[in-house]
Amino acid sequence: FKDTLKIGPEGITWKSRTYPLDAITRVRWGGVRHSVNGVPTGSTFTIAFGDESSETVVELKKEAVFSSFIEKLWQAVGVRLLIEMLRSLKAGKEFSMGGGVLRDEGVTLVKHKFLSSNTAIKCTWVEVQTWSADGNFYIGAKSDKKTYIGLSYIHAANTHIIEQAIRMAFKRPGIKRLSELLQ
C-alpha cells in the first residue's frame, strides 16, 4: 500500500493525518541530488508542513510529484503565510531566524569573527543583499562579506516565505519596510 499525499480544500493529508489549510503555520521544502564518486545515484525531495504543535515530513523520489505539490502548497498556504508574516511585522513582531532577527524595517545579521565572539549588526533593507547557495538562503550586508545569516530551505521553517517577501521588496526601489508590500 502506497501512502498518498493529497492537498485540497479540506487540507493536506499524508498517511492518516489531515492538516486543515488554515491551521498550517510552517512549511519547508527542498531537494538533494545524490552521487557516488561523481556518478548520480538519484534525488530525495523533502516537504514538511505543520501547525503550532506538530509537523509532518514527507520524503519523495519523484521530482514531478514534488514540483506539482509545491506549486499547490504555495497557492493553498504560502500566500496566506506571507501575508500573515507581513501583517505581523507591521504590528511590530520580530522573527528570530538563523542567528538573526527579521524586523519590518530591516534585519539583524551576524558578523562572523575569527577567534572572537560574533557580533549582532542591525541593517536596513537598503544595506543588505541576498543570495542562495548550498541549500541555504543568505541575507548579508552589502558592505561586509563576513556579516550574514543563512537559512536552510529544507530544515528551517518558512525560509521560502521570508525569501519571497524580501525578493518582492527588492523589486520596489526605495522600500523601507517589508509591510509596504501590503499596500
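This section describes the fold, the sheet formed by β4, β5 and β6, and several individual residues of a predicted model.

The structure is a predicted model in which local features need pLDDT of at least 70 and side-chain atom pairs count only at pLDDT 80 or more, while totals for chains, interfaces and linings use all residues. Residues are numbered from 1 along each chain as its sequence is written, and side-chain values use heavy atoms, with hydrogens and water left out.

The protein contains 2 helices and 13 strands; helices (H or I, at least four residues) and strands (E, at least two) are DSSP runs, numbered from the N terminus. The C-alpha trace spans about 55 × 45 × 30 Å along its principal axes. The accessible surface of the protein is about 10,700 Å², and carbon and sulfur atoms contribute 53% of that area. Accessible areas were computed by the Shrake-Rupley method with a 1.4 Å probe, and for residues only the protein chains shown count as cover. Of the 183 residues, 42% count as buried. Buried means under 20% relative accessible area, exposed means over 50%, and partly exposed lies in between (1.4 Å probe, protein chains only). Among contacts in the protein with a separation of 6 or more, 45% come from residues 24 or more positions apart, a contact being heavy atoms within 4.5 Å.

Strands β4, β5 and β6 form an open sheet of 3 strands in that order, with antiparallel pairing. β4 and β6 stand at the edges with a single partner strand each, so one side of each has no neighbour in the sheet. From one strand to the next, the twist averages 15 degrees. Strands of a sheet pair through backbone hydrogen bonds, in either a parallel or an antiparallel manner. Here, two strands are taken to pair if DSSP finds at least two bridges between them.

β4 (residues 26-36) pairs with β5 (residues 39-50) in the antiparallel sense over 11 bridges. Within this pairing, Arg 33 has Ser 43 of β5 as its bridge partner. The hairpin of β4 and β5 has 2 residues between the strands. The pairing of β5 with β6 (residues 55-60) is also antiparallel and runs over 6 bridges, and the hairpin that joins these two strands passes through 4 residues. Bridge partners in β6 include Thr 56 for Phe 49 and Val 57 for Ala 48. Helix α1 (residues 63-90) lies across β4, β5 and β6 and runs at about 155 degrees to β4. Axes are lines fitted to C-alpha atoms, for helices over the stretch in contact, and angles run from 0 to 180 degrees between N-to-C directions.

Most residues other than glycine have a negative phi. Asn 37, in the loop between β4 and β5, is not a glycine but has a positive phi of about 55 degrees. This residue counts as exposed, at 78% relative accessibility. Lys 15 likewise has a positive phi, near 55 degrees. Lys 15 lies in the loop between β2 (11-14) and β3 (17-19) and is exposed, with a relative accessible area of 53%.

Gly 99 is located in the loop between β7 (95-97) and β8 and counts as exposed at 66% relative accessibility. Residues up to four places away in sequence aside, Gly 99 touches Val 110 and Ile 149. The C-alpha atom of Gly 99 is separated by 9.2 Å from that of Leu 151, 52 residues apart along the chain. Val 101 lies in strand β8 (residues 100-103) and is partly exposed, with a relative accessible area of 21%. With residues up to four places away again left out, Val 101 touches Glu 94, Phe 95, Ser 96, Gly 106, Val 107 and Thr 108. The C-alpha atoms of Val 101 and Ile 149 are 48 residues apart along the chain and are separated by 9.5 Å.

Leu 182 is found in the segment after α2 (159-170) and is partly exposed, with a relative accessible area of 34%.
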